[in-house]
Amino acid sequence: RRNCARRISEQNGRKRRNMYTEDELIAIASKRWGIAMKRMGRELHGACPFCGEGRDRFMMFEEGDYYCRQNDTHRGWLNDKDQPSAEEIAHARTRIEEKEREREEHERIWVEGFRAGYEWRKWHEQMMTEHLQWWNRQGIRSHQIDEYELGWMPDKKIQTKEGEMIIPAYTIPIRTLEDWEVVGVHYRIADPPAGVQKYRYQAGIQAREFYAGVAQKENAIIVEGAKKAMVLYDFLEAAIQVIGLPGNTPSKTILSRIANNFQGQTFIALDPGCQQQSEKIKASLLNARIVSLPGKPDDLVLAGMTRNQFRAYVSQSR
């Protein structure tokens, strides 16, 4: 009972504690651990100061708690002594802005090199019949494979808890909405071992949203993942733009780009169980509605859902 009372007291104390601002958390992380944090969704992410690895595994929250996603022992709470001065806050913010400029320049150079090398076309052209059939089984038709220049590579290098691994992966070029220029690539691991995520993104390059159609800028449906976007776009006969997010907690940059590009109605149709994430996305967009589907959009299409049935779900959006 004493232990229970102590936990309740600690929880109440945390509830009474003042919330930290984003600038304060950035300054605290810089001062205490020498790391640069960046907002991704509700929390700030950065390299773990305890593990000494990763780019976004360490998270800090406005309530003052922090933890590492890869090591559960690396967690804790900030305290009142961590309150940064105005000078420290300004210095940390300047450091973040400098790193952001460095990241943008690195990304620009990578994109130029990637385009010049036409690597995604090599991956597209080297596909064998078995790889084309895999895309077809995902609900993606042959004409889409060619239009999007989807591909396959035998030697995608990834990092796992056990170290570096080289494994086959399917490739999805990511393009801009306006001019359809390639600006990135998503990788779908062909046969991921246990504990290895299916989707990977280019190291050092911000993951971007996937547009299923070019230059459609009025209404849109938002789903999670490029593959779902391709299947749904074809299913709806290209009548509306479909956007595939690189996860259900997209960055402010992605949401801002979508909000600027689409002034009409946007429908958020994430996978079942993502209600909280859908609400957060909705709060960042104008004229957005949440569609509650009984399954993943691509699975429903493959299972035989009709367009009238899909429209019925959309008509019940809120």
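**Figure 1. Glutamate 149 and its two arginine partners.** At 14% relative accessibility, glutamate 149 counts as buried in this predicted model, where buried means under 20% relative accessible area, exposed over 50% and partly exposed in between, with a 1.4 Å probe and protein chains only. The side chains of arginine 175 and glutamate 149 meet in a salt bridge at 2.6 Å, N to O, a salt bridge being a side-chain nitrogen of Lys or Arg within 4 Å of a carboxyl oxygen of Asp or Glu. Because arginine 175 lies in strand β7 and glutamate 149 in the loop between α6 and β6, the pair ties together parts that are 26 residues apart in sequence. Arginine 175, like glutamate 149, is buried. A salt bridge also joins the side chains of glutamate 149 and arginine 121, at 2.9 Å, N to O; this pair links distant parts of the chain, since arginine 121 sits in helix α4 (residues 119-125), 28 residues from glutamate 149. Arginine 121 has 32% relative accessibility and therefore counts as partly exposed.

Figure 2. The side chains of arginine 108 and glutamate 105 meet in a salt bridge at 2.5 Å, N to O. Both residues belong to helix α3 (residues 86-117), where they are 3 residues apart, about one turn of the helix; helices (H or I, at least four residues) and strands (E, at least two) are DSSP runs, numbered from the N terminus. Arginine 108, at 38% relative accessibility, counts as partly exposed, and glutamate 105, at 36%, also counts as partly exposed. The structure holds 10 salt bridges.

Figure 3. Strand β7 (residues 163-175) and strand β8 (residues 182-189) pair in the antiparallel sense over 7 bridges, and arginine 175 has valine 182 in β8 as its bridge partner.

**Figure 4. The whole protein as context for the close-ups.** The protein has 11 helices and 14 strands. Its radius of gyration is 22 Å, close to the 20 Å that the globule rule gives for 318 residues, so the protein is as compact as a globular protein of that length; the radius is taken over C-alpha atoms, and the rule is 2.2 Å times the number of residues to the power 0.38. Buried residues make up 45% of the 318 residues. Among contacts between residues at least 6 apart in sequence, 52% join residues at least 24 apart. Residues are numbered from 1 along each chain as its sequence is written, and side-chain values use heavy atoms, with hydrogens and water left out. In this predicted model, local features need pLDDT of at least 70 and side-chain atom pairs count only at pLDDT 80 or more, whereas totals for chains, interfaces and linings use all residues.

How values were computed: Pairing = 2+ DSSP bridges. Contact = heavy atoms within 4.5 Å.
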